[in-house]
Amino acid sequence: MSSNVLVIEGDGIGQEIIGQARNALDVLNQQESLNMTFSEAMLGGRAYDQYGHPYPEVTQQKARAADAILFGACGGPKWDGATERHLRPEQGLLDIRADLDLFANFRPAIAFPQLVSSSPLKPEKVAGLDLLIIRELTGGIYFGQPRGIRTLENGERQGFNTDVYSESEVRRIAKVAFEAAMKRNKRVCSVDKANVLEVTVLWREMMEAVAKDYPEVTLTHLYVDNAAMQLVVNPKQFDVIVTGNLFGDILSDEASMITGSIGMLPSASLNEKSTGFYEPIHGSAPDIAGKNIANPLATIMSAAMMLRYSLAAPTAAERLESAVSAVLDRGFRTGDIWSEDSEAQGHKKVSCSEMGDAVVSALKAQ
Ligand SMILES: NC(=O)c1ccc[n+]([C@@H]2O[C@H](COP(=O)([O-])OP(=O)(O)OC[C@H]3O[C@@H](n4cnc5c(N)ncnc54)[C@H](O)[C@@H]3O)[C@@H](O)[C@H]2O)c1
Ligand SMILES: CC(C)[C@H](C(=O)O)[C@@H](O)C(=O)O
Ligand SMILES: [Mg+2]
């Protein structure tokens, strides 16, 4: 059976990192007879430039028909301010998440042993870290109405957003988190701000309610400010963190750096049908775009998540992940994971495409 993979480069470093993931997928497609067929579409700023919309109709149709979508990143200074808010590149990403109901966002923060010295934390704090952040992705303050910028009677402008979660929205993400914990170390930490925000008072209540169906799983709660602090004090205390859209966005960037670099963290966004959308958690990195220096490994590992979750190809996923580990073993380092001891360790500083080529060679050598 063939599977239809939609590839979307997006903006900034999108083209560079997706190119490397595609090369690796091409090798696996052939070697593992995966029968993947690839098509391309646009989303974000370049899509807006070409079609007048960041999530154009043609992309919508292709996305709805795809078995899985592999995405780079979108956004950039070119469109900041110059574009109406609802046509911003980032809105295209929010639109596709809502359109495909991609409510469950998996962001695994795993510390590769080869990279513990790239972390800003002490190696002993990081070694062995295997944390899964489950971020609710289609609700909360990102999508709540009303929102906007209004002018008050006194002539002053006021920006406003609304944070909302219904019982059913919390229940479904809670179930995803507990199911994930059952396959791991059976601990869920729900992160909220229930001491201040009613929306998270209900969130906490629903987490407790769903926990009753999973007696083997230990549920704890942390306020988000404490959680942000605990992540740097002792990240290994966590197994699964489940949280809302905004807190999950922030905590996952923090968790990524703990593993060494934001260029290392992949993600999978799933709906009830497990049509998956796979992207690195980082953005379009305009500061390094076009220089061939971005780290493509988060995107390559997002492709591995795609093979596992949407394409039922666990062997290919494992091969890709072990190829990534092999290139790190061989000392290949893009600038973001080049550490203080890299020179002494004999690491090789490589470009984005050299890193991608190394992964391809490692796959071929398996
Ligand atoms: N999913 C997405 O498409 C997504 C996610 C976050 C931000 N954005 C957008 O990206 C643009 C830039 O945002 P930002 O600068 O806040 O965040 P960013 O994640 O793009 O970059 C933050 C920093 O991390 C570095 N970085 C990111 N990815 C890297 C990689 N693969 N290798 C090496 N270094 C990497 C960048 O060079 C930069 O210094 C904005 O328009 C933003 O809205 C998009
Ligand atoms: C670009 C932006 C809309 C997006 C988000 O906030 O969800 C990004 O930061 C992410 O983490 O995927
Ligand atoms: Mg983010």
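# Reading a predicted model, feature by feature

Tutor: Aspartate 101 has its place in the loop between α4 and β4, where helices (H or I, at least four residues) and strands (E, at least two) are DSSP runs numbered from the N terminus. The model is predicted: local features need pLDDT of at least 70 and side-chain atom pairs count only at pLDDT 80 or more, whereas totals for chains, interfaces and linings use all residues. Residues are numbered from 1 along each chain as its sequence is written, while chains are lettered from A and ligands numbered from 1 in the order in which they are written.

Student: What is phi of aspartate 101, and is this residue buried, partly exposed or exposed?

Tutor: For burial, a residue is buried if 20 or more other C-beta atoms, placed from the backbone, lie within 10 Å of its own, exposed if 12 or fewer, and partly exposed in between. Aspartate 101 has 16 other C-beta atoms within 10 Å and is therefore partly exposed, and its phi is near 55°, a positive value in a residue other than glycine. Alanine 312, in the loop between α10 and α11, likewise has a positive phi, near 50°, and with 14 C-beta neighbours inside 10 Å it counts as partly exposed.

Student: Which residues does the UniProt annotation "binding site" cover?

Tutor: UniProt positions are given in the numbering used here, with shortened feature names, and annotations may be inferred rather than shown by experiment. In the unreviewed entry, the annotation covers Arg97, Arg107, Arg135 and Asp225. They span 129 residues in sequence and their farthest two C-alpha atoms are 26.7 Å apart, so they do not all gather at one spot.

Student: Where is arginine 97, and which residues does it touch?

Tutor: Two residues are in contact if their C-beta atoms, placed from the backbone, lie within 7 Å. Arginine 97 lies in helix α4 (residues 89-99) and, not counting residues up to four places away in sequence, touches Leu102, Leu137, Thr138 and Ser269. Because arginine 97 has 21 C-beta neighbours inside 10 Å, it counts as buried.

Student: Where is arginine 135 found, and with which residues is it in contact?

Tutor: Arginine 135 is in strand β5 (residues 130-136), and with 27 C-beta neighbours inside 10 Å it counts as buried. Leaving aside neighbours within four places in sequence, its contacts are Asn105, Arg107, Thr243, Asn245, Gly248, Asp249 and Ser252. One of these, aspartate 249, belongs to helix α9 (residues 245-258) and counts as partly exposed, with 18 C-beta neighbours inside 10 Å. Aspartate 249 and isoleucine 133 are 116 residues apart in sequence, yet their C-alpha atoms are 9.7 Å apart in space.

Student: In which sense do β4 and β5 pair?

Tutor: Two strands pair if DSSP finds at least two bridges between them. β4 and β5 pair in the antiparallel sense over 7 bridges, with arginine 107 opposite isoleucine 133 in β5. β4 also pairs in the antiparallel sense with strand β11 (residues 268-270), over 3 bridges, and there asparagine 105 stands opposite serine 269. In strand β4 (residues 104-110), 6 of the 7 residues are buried, so this strand is largely enclosed by the rest of the structure.

Student: How far apart are the end C-alpha atoms of helix α11?

Tutor: The expected span of a helix is 1.5 Å times one less than its number of residues. The 16 residues of α11 (residues 314-329) should span 22 Å, and the end C-alpha atoms are 22 Å apart, which agrees. The buried residues of α11, among them Ala316, Leu320, Ala323 and Val327, pack against α1 (14-31), α10 (297-309), β13 (332-333) and α13 (352-365). Just after α11, glycine 331 takes a positive phi of about 90°.

Student: Which residues are around ligand 2?

Tutor: A residue is near a molecule or strand if its C-beta atom, placed from the backbone, lies within 6 Å of it. Around ligand 2 these are Gly75, Glu90, Leu93, Leu94, Asp249, Ile281 and Gly283, and α4 gives the largest share of the shell, 3 residues. Around ligand 1 there are 21 residues, of which Gly75, Gly263, His282, Gly283 and Asn295 come nearest.

Student: Which residues does a cis peptide bond join?

Tutor: The cis bond joins glutamine 145 and proline 146, with omega about 0°, and proline 146 is in the loop between β5 and β6 (148-151).
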